[in-house]
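Here is my note on this entry, point by point. Please keep the structure open while you read.

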Amino acid sequence: MSTEPEPTEEATAAPEPATPGTTEGAGAPGGGRGEATEPETPGGGPDEATEAEATPGGGPDEATEAEAGGGGGAAAGGGVSAEGAPPAGGDVSTEGDAAAEGDVPVRGNAPADEEAPVGAQAPAKGEPPADGDAAVESSTGADGDTAADGEVPGEGEAGERAGKELSEAEAELLAQRLERERIERRKAEKKAPVAAGAKLSGTAAELLAAVRAVESGEKPPAAVFAEPRPAPRRPAPEPVRRPVPVPDRSAGAPPAPAPEAVQAVRAVLTAGGAPEALAPQVVAALGEGADEALRADPWHLLRVAGVRPEQADGFARALLGTECRPDDERRGRAVTVWLLEQAALAGHTALELPRLTATLAQRGVPDPDAAVQSALAEGEILAFQDALEEPGAPPRREPVAEEGDEGEEERPVRVLVGLERYALAEESLADGLARLATSVPKQDGSTADWEAAATSAEGSAADLIRAVAGHGLVLHTGGEASLAEPAALLSAAPGLGLRAWAASPSPAGRARFAGLLGPGPEEAPLCTVAGLLAGTEGPGRDPDGALDLDLLIVFDAPQLDVESAALLAESLADGARLVLAGDPAVLWSVGPGRVFADLLAARVCPQIASRRPDPGPLGELVSGIGVGELTQVEAPGKEVVIVPVRDPGEAVHRTVQLVADSVPRAIGVPAEETQVITPGHGGAVGTRALNAALKERLNPGPGRFGGFDPGDRVAYSPVPGRTLPGRVVGADAEGLRLSCAGETVVVPKERVAGSVRHGWALTAHQAAGGRWPAVVVVLPGDAVPALSRPWIYTAFGRAVRHLSVVQGVEQALPRAVAEVTAKPRTTRLPALLAPQVPAQG
């Protein structure tokens, strides 16, 4: 590992080795002299801003309300600003793909590991919110973000267009919607955790009363939650499956909102001082009669992505006048749902009730308990109680009641509250995984055939094949080199009579895996998870709606969120085998949940840990980071180079120099095969600043096509949470033409600003799943809050031949590797699996 000397155009690295974080000759940290870098968090696509301060739960890469100091219940000022200005103090952009300076959060992204600006202080109880502007950050953009710098896109651009063909993104969304409807129909037959009604009563009232009794110490948990634990379930029979139609590409796109409905909503928005451009989004969120619904409950505006509570308060104040009060039941209910949506952006599938009520109080809700009860009664949220037991612990035996005993040992519980969509997905996922884990896998090949396949495999691949022979659910862990073992299983499957497919959450991951299979006479059975679920890739479905295969291998499994994983599990028939393979040290999924980590902790199925190390200096460096050690490695071929910088301007200059000159000349990797990775989108050294500098040097042009020119590298987000690296190949009347993963994609011109960003520089979440011959990781001094061991592991691990680290964080780098682990996410999967599948040793 070497340290690059003071800026020169000649040398790529100095001969003196140095450990990252102990740079030689570095000046002051590179941050603090310019605009703060907006740290990334698990987000869906480029440039999605999240309100970190509003996310309770302490999820990955977000600051909680308590940490941020609490926000006010109403915005200062009068109506909603049509400019979409960000809150005072600058916005926080999330890495997964959120736009800073006005970009708004969308589902599937987590807030940054940085405190976001706090809104106005909450008004005193009984007082109406203070007057003032409430800026609405409107309209989602690339990867679900909005137009940069708070610009409001043209009214109804995307919503009023009816395409002639169903796009890949629309096909995927339609398939997922159909599958979710099937799941919800099945779940509706179960007893709901909380009864919904016009007023709070029955189960909902009893549950909240029980929680208060336990918290106050009036009753022990055993006396309140004394129902017996459910017995472990026996293997479930094959569920009745309805045929799942594969979307027809010739079908028309979903109809645009009716012009008269949009016009009616536009009038309401104007009366409340909100931007008229929000009208199509309001109609899409509220449906028929959206104008009447908005007049009856102005806080329904919070259902539009990017609108904050203080902004909805300003809108409500303009419509309701003196009737607008902070203790309005409608406001409390809307803010409760909004906080749970923000928690989902941070990766949580639910929140503990005390944390939710505390955050509601910080948001200016005078009676948080009543707000939660109201949302429960209306059926907008669900409540659950989960036993607090260590994942993987053996089931607790119920004590035998003796004379004079109360009969049951106290069992600690926690009460969780969550949105219905994630609650249903997590329950469906638990049911599907339990069914696979307890079902007898299909036996085609003989025992001798399986053993022969295992014997012919190398190392841990043999253990993997033997585990898959007798189990329906298997986990496989390891670094990049370990992918050869699932590849060996996929190659051996046809000889065992299995119809096998492998899927990756990203096209880049699919390409990596294809390289391990080598050339073959037929097309490799590889696909993306999105394509598999949408029916545009993979084997298709059988008449019962299940995927038409016997073995599914999902690699890069840590990238699976709870909804995608639930759809996969529900789509597999009894007797099918599911192998989830991945590196547990990388960043977790963009969307809610931590499926792979939860399954590893639950220990409900065999886990095969690969013994295959990643080779070379880069493999040694990344492996050390995975166990919390930033070690100095010998890099005789300049595999690892450290470039110290003093300020943001120097960081940008050195990055461009490395990509355009030093790395191609000294390492032999051309600029088009070098990827820049940085913690955030905004700031002086965020993706936007770096992409602007790299475009000027590598592909200058007027940006005739929405800011893009042929040859530009881009990051395209067809739906929130997915980022496809690509390149601009041209433009015509139909839109911007891109080449992504070897396929031509046409992005309609009205969607370009919202879904396409330049891609020379990406965030670590955007880069996850891909690898490049050379990677330049940029860590300015103000990036310290965004650094964690998983982030550094993921970013450094994207390099195949060469890694340059442009850094001004100094000792914060080794400190983050040693001390800053992934922030916890609140999920229910282990608790849901515990009574269904016995834990293995």
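**Notes on the predicted model**

1. Keep in mind that the model is predicted.

2. How many of the residues of helix 19 are buried? Seven of the eight in this helix, residues 595-602, are buried, so the rest of the structure largely encloses it. The buried set is Val595, Phe596, Ala597, Asp598, Leu599, Leu600 and Ala602. An aspartate is listed there too, Asp598.

3. Among the helices are helix 12 (420-438), helix 18 and helix 27 (829-833). Among the strands are strand 9 (473-477), strand 13 (577-582) and strand 14 (607-609).

4. Now the overall picture. The protein has 841 residues, of which 58% count as buried. It holds 27 helices and 24 strands. Take the contacts between residues at least 6 apart in sequence: 79% of them join residues at least 24 apart.

5. The structure holds one aromatic pair. The ring centres of phenylalanine 513 and phenylalanine 555 are 4.1 Å apart and the planes meet at 15°; under 30 degrees counts as stacked, so this pair is stacked. Phenylalanine 513 belongs to helix 16 (residues 507-517), while phenylalanine 555 is in the loop between strand 12 (551-554) and helix 18 (562-570), so the pair ties together parts 42 residues apart in sequence. Both phenylalanine 513 and phenylalanine 555 are buried.

6. A charge sits over a ring elsewhere. The charged end of arginine 828 is placed over phenylalanine 384, 3.8 Å from the ring centre.

7. Which way do helix 10 and helix 11 cross? Their crossing is right-handed. The axes of helix 10 (residues 353-362) and helix 11 (residues 368-377) come within 8 Å, at an angle of roughly 115°. Helix 10 contributes Leu353, Leu356, Thr357, Leu360 and Ala361 to the contact. Helix 11 answers with Pro368, Asp369, Ala371 and Val372. By class, the contact residues are seven nonpolar, one polar and one charged.

8. Is serine 460 buried or exposed? Its relative accessibility is 2%, and the cut-off for buried is under 20%, so serine 460 counts as buried. Serine 460 lies in helix 14 (residues 460-470). Beyond its neighbours within four places in sequence, serine 460 is in contact with Glu485, Ile608, Ala609, Ser610 and Arg611.

Notes. Residues are numbered from 1 along each chain as its sequence is written. This is a predicted model: local features need pLDDT of at least 70, side-chain atom pairs count only at pLDDT 80 or more; totals for chains, interfaces and linings use all residues. Side-chain values use heavy atoms; hydrogens and water are left out. Axes are lines fitted to C-alpha atoms, for helices over the stretch in contact, and angles run from 0 to 180 degrees between N-to-C directions. Helices (H or I, at least four residues) and strands (E, at least two) are DSSP runs, numbered from the N terminus. A crossing is left-handed if the near helix is turned anticlockwise from the far one by less than a right angle, and right-handed if clockwise. Contact means heavy atoms within 4.5 Å. Ala, Val, Leu, Ile, Met, Phe, Trp, Tyr, Cys and Pro count as nonpolar, Asp, Glu, Lys and Arg as charged, and the others, Gly among them, as polar. Rings of Phe, Tyr and Trp (its six-membered ring) pair if their centres lie within 6.5 Å; planes under 30 degrees apart count as stacked, over 60 as edge-to-face and the rest as tilted. Buried means under 20% relative accessible area, exposed over 50%, partly exposed in between (1.4 Å probe, protein chains only). A charge sits over a ring if NZ of Lys or CZ of Arg is within 6 Å of the ring centre and within 35 degrees of the ring normal.
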